[in-house]
Amino acid sequence: MKIIDVLNSGKATVSCELFPPKTGEQLENAKEIVRQTAALNPAFISVTCGAGGSNAGLTIELADIAQNECGVPALVHCTCVTATNDQIAERVNAMKAHGLQNVLALRGDIPEGVTLSPDFTHASDLTAAIAAAGDFCIGGACYPDKHPESPTVAADIDGLKRKLEAGCQFLTTQMFFDNQVLYRYLLELLRAGVDVPVCAGIMPVINSRQIARSCALSGTLLPPRFKAIIDRFGDDPVAMKQAGIAYATDQIIDLIANGVTHIHLYTMNRPEVAAAILQNLSGIVNQ
Ligand code: FAD
């Protein structure tokens, strides 16, 4: 099933993101995580891939488990920052062979000391290549706090529009911790004529160390209310987990109350955290 049809069905949705292991040794454990996440009945499961694409085969294997074993639509992340046309064609053929129709087309962060792709500069180039290669539903990334390489939100949205012109049908946001930032951003998108479905990316923070690094890399701002939680509970794993689940739940309820109906959970491969949030939303989101 194409994700654009799920998002246009008129229902509120919660989807989940997982990441593959770095090597095949951890694959069985990762497959189990996919199965446990699928049992929560998310609208779709997305599986990330490394910026250099070295583990793209594992991404496809996990997406295959989600979709073909568990019956949950899968979204395959595909990065192009170091990829050649031939490598992307190989990944596209693998997706076709597994019946995987949904791709999140990404540039990837620019790694240090690697040779950049001779064929792709931006996600828009990859989007165009995938759109030309078959009948795929293509999504793209967007940034409520602005992509760190863009000088302004308006310049960032100009880049985003090129992805849409190339064939991107829906967007998933980078994590954000202040809903007001998202509401302002959605207004900017509407003003710029962007009206595709947007999945709001929510990261339940259960590990305070991981979040500082991720925010520095992605340019995501931490609001004072959230910083206070990390300062108070960051060294106590049990308290931090409870607080992180509560904060994410609170964010999602506010989003849905304000008409943002597609939520994408960055689960960090913790199905029990996604389960706790969905339990908190059981009367609000009926998947
Ligand atoms: P682009 O769309 O190319 O944007 C990068 C910058 O260039 C932006 O500043 C943009 O405004 C500008 N721009 C875009 N198009 C053009 C254009 N045509 N001309 C001029 N400027 C342009 N990384 C991974 O390595 N693996 C993953 O699986 C992964 N999953 C992600 C999922 C989501 C939902 C998000 C939000 C991010 C994800 N990332 C992932 C991180 C992402 O790869 C980085 O944020 C990367 O720096 C930018 O990727 P992009 O696809 O947004 O790039």
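Predicted model: local features only at pLDDT ≥ 70, side-chain atom pairs only at ≥ 80, totals over all residues.
A polar contact is a pair of N or O atoms within 3.5 Å; within protein, one must be able to donate a hydrogen and the other to accept it, and residues adjacent in sequence count only if both atoms are side-chain atoms. Residues are numbered from 1 along each chain as its sequence is written, and side-chain values use heavy atoms, with hydrogens and water left out.

**Ligand**

- A polar side-chain atom of Lys 163 is 2.8 Å from an oxygen atom of the ligand.
- In the side chain of Ser 124, an N or O atom lies 3.1 Å from a nitrogen atom of the ligand.
- The protein buries 88% of the 960 Å² that the ligand exposes when taken alone (Shrake-Rupley method, 1.4 Å probe).

**Aromatic pairs**

- Two aromatic pairs are counted (ring centres of Phe, Tyr or the six-membered ring of Trp within 6.5 Å; planes under 30 degrees apart are stacked, over 60 edge-to-face, the rest tilted).
- Phe 177 and Phe 226 are stacked, at 4.4 Å between centres and 20° between planes.
- The rings of Phe 226 and Tyr 247 are edge-to-face, because their planes stand at 65°, with centres 4.8 Å apart.
- Phe 226 and Tyr 247 are both buried (under 20% relative accessible area; exposed is over 50%, partly exposed in between; 1.4 Å probe, protein chains only).
- Phe 177 is also buried, at 2%.
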